[in-house]
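Colleague: I am new to this one. Can we go through it together, term by term?

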Amino acid sequence: MIDTNVYVSRWPFRRLPGDETAVLVQKLRAAGVVEAWAGSFDAVLHRDMGAVNLRVTEECRKNGNGLLKPVGCVNPMLPDWREDLRRCQERYGMKAIRLHPNYHGYRLEDAVTRELLSAAAERGLFVQIAAQMEDERTQHSLLRVAPVPLQMLPELTKTIQRLRVQVLNHPRPVSWERVYWDFCAVEGVRGLTELLKGSVADSLCFGSYYPFFLWESAALKMKEAGAEGAVLEKLRAGTARVLMGGTGR
Amino acid sequence: MIWDLHCHFSGFGGRTPEEGMAEVIRLGDRMGIERFCIYLGFGREENPSPAQMRTHNDEVLRALDHWRHRAWAFVYLNPNYLDESLREFDRCVKDGPMVGVKLWVAQKASGRALDPIIERAAAMQAVIFQHTWWKTGGNLSGESTPLDVVELAKRHPKTPIICGHTGGNWELGIRAVRGQTNLSVDLAGSDPTNGFVEMAVRELGAERIIWGSDAGGRSLGSQLAKVQGSTVPEAAKKLMLGENLKRMMMPILTAKGFRV
Ligand SMILES: [Zn+2]
């Protein structure tokens, strides 16, 4: 099983059970996860992104037990962001970067977003976009951040060659070309069930958003939806492999 | 044993209360949930008229009809229509099969109009469930925070009352209710955020925490994960998932002749 959405280090507003990498890895392994794509909570607010990406790489190597794959972050509002992108691919050998447009203060409509996504695509990196980190109703009152509006995304994936995107933490995945999703933020007793009836089913990957969310949440949603056989296998790993390999849709 | 304190058959996909309730049971079986407390019909009136209140409760009575062995119901009341609410309580709880009261966002729980409702429910040991949220962006005008429920609970110190959603913003909600020991908290209807249950058990003790889902608006899976995936001892999980609710409900269930 591949978990496409985990984080290491510290969520800025509370300690989380599982925010020690060793505990996180133990939990994932016990649950049958063989590979997890790990971003860093530090990327959300830190400005020294070079250090963030270095640490997530070292943390995955030292404590990831062969299971954690580091996912770097690039903030295109920072000077010389292209160097961060270059290091992610050339120095750290990453396969993906994870973006936080709402916490970093840019929109998908901005010209710099197209530059960043084009540069990532040219390097063969796929791009995760975290649509939201926390329900707006429970955010710290001095740090309120709205979800990332995604209207521009289909246009970007249509016009940027080889661009592959996975949207994380979004409550309403839809079927867009070369856009993948996790379902950690899909709610409602029929939420995943309804998605599995449509064409968007082919672009859904398991992503727990652990340790911010309980790992079991996404897993129990698959049970609730009655996912089994080939459908379940695609959710658990198959679609994530397609996304990683750059083949398929 | 898993009992769900907080479930609405709407959102499960049926066109009628009967169809909705059949889905509740089907998915409950899949997820291992034995019993459901249900309230509210298909509408979502925040300040229901007496007629709307009766429509809600009639729909719930229909949903309950074939499932008396799997589900219980709470009567939806509106303190802005106090006389009608007391009559509705009598119709559905005193003289009917319902076993609890659901109060939502028509009026803040701190309001005096709630007192006669609480007294009448307490006399029958009916479960009292008050919705709360503590939204960073601000609440609806009649929506209670946990602090409003604390005021209510102080006026009725011998009556158990449930603080719905633990205020949603649970780090605040848990602190707010901590000192008011006749208050329990409901885990339902917020994101499956890691650490919620650990903090609640540490600060309140597992005996004051009751699991609920707030399905169909929420996934049964995401809500079960809060307890099942938490790092608290198994005994605490059992209390939260069913034993606490059962203990709270036993007097009225016994009085009404329900077998458990
Ligand atoms: Zn509810």
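Modeller: Keep in mind that this is a predicted model. Chain A and chain B bury about 2600 Å² between them. Carbon and sulfur atoms hold 58% of that area.

Colleague: Which residues of chain A lose the most area to chain B?

Modeller: They are A:Arg137, A:Val189 and A:Leu214, together 26% of what that side buries. In contact are 30 residues of chain A and 38 residues of chain B.

Colleague: What makes B:Arg218 and A:Glu187 a salt bridge?

Modeller: Their side chains meet at 3.4 Å, N to O. The cut-off is 4 Å, so the pair counts as a salt bridge. The count between chain A and chain B is 2 salt bridges. The rule also finds 20 residue pairs in polar contact across this interface.

Colleague: Which helix gives the largest share of the side of chain A that touches chain B?

Modeller: Helix α9 (residues 215-224) of chain A, with 6 residues. By class, that side of chain A has 11 nonpolar, 7 polar and 12 charged residues.

Colleague: Now the zinc ion. Why are B:His6, B:His8 and B:Asp214 called its donors?

Modeller: Their donor atoms lie 2.0 to 2.2 Å from the zinc ion. The cut-off is 2.8 Å, so these atoms qualify. Along the chain the spacing is H-x1-H-x205-D. B:His6 lies in strand β1 and B:Asp214 in the loop between β8 and α8 of chain B, so the pair ties together parts 208 residues apart in sequence.

Colleague: How do you know whether B:His6 and B:Asp214 are buried or exposed?

Modeller: B:His6 has a relative accessible area of 1%, and B:Asp214 has 15%. Buried means under 20%, so B:His6 is buried. B:Asp214 is buried too.

Note on methods. Residues numbered from 1 in each chain as written. Chains lettered and ligands numbered in written order. Predicted model: local features only at pLDDT ≥ 70, side-chain atom pairs only at ≥ 80, totals over all residues. Heavy atoms only, no water. Contact = heavy atoms within 4.5 Å. Buried area = accessible area lost by both parts, 1.4 Å probe. Polar contact = N/O pair within 3.5 Å; in protein donor to acceptor, adjacent residues only side chain to side chain. Helix = DSSP H or I, 4+ residues; strand = E, 2+ residues; numbered from the N terminus. Nonpolar A, V, L, I, M, F, W, Y, C, P; charged D, E, K, R; others polar. Donors = N, O, S within 2.8 Å, 3.2 Å for Na, K, Ca; no water. Buried < 20%, exposed > 50% of the residue type's maximum accessible area, 1.4 Å probe, protein only.
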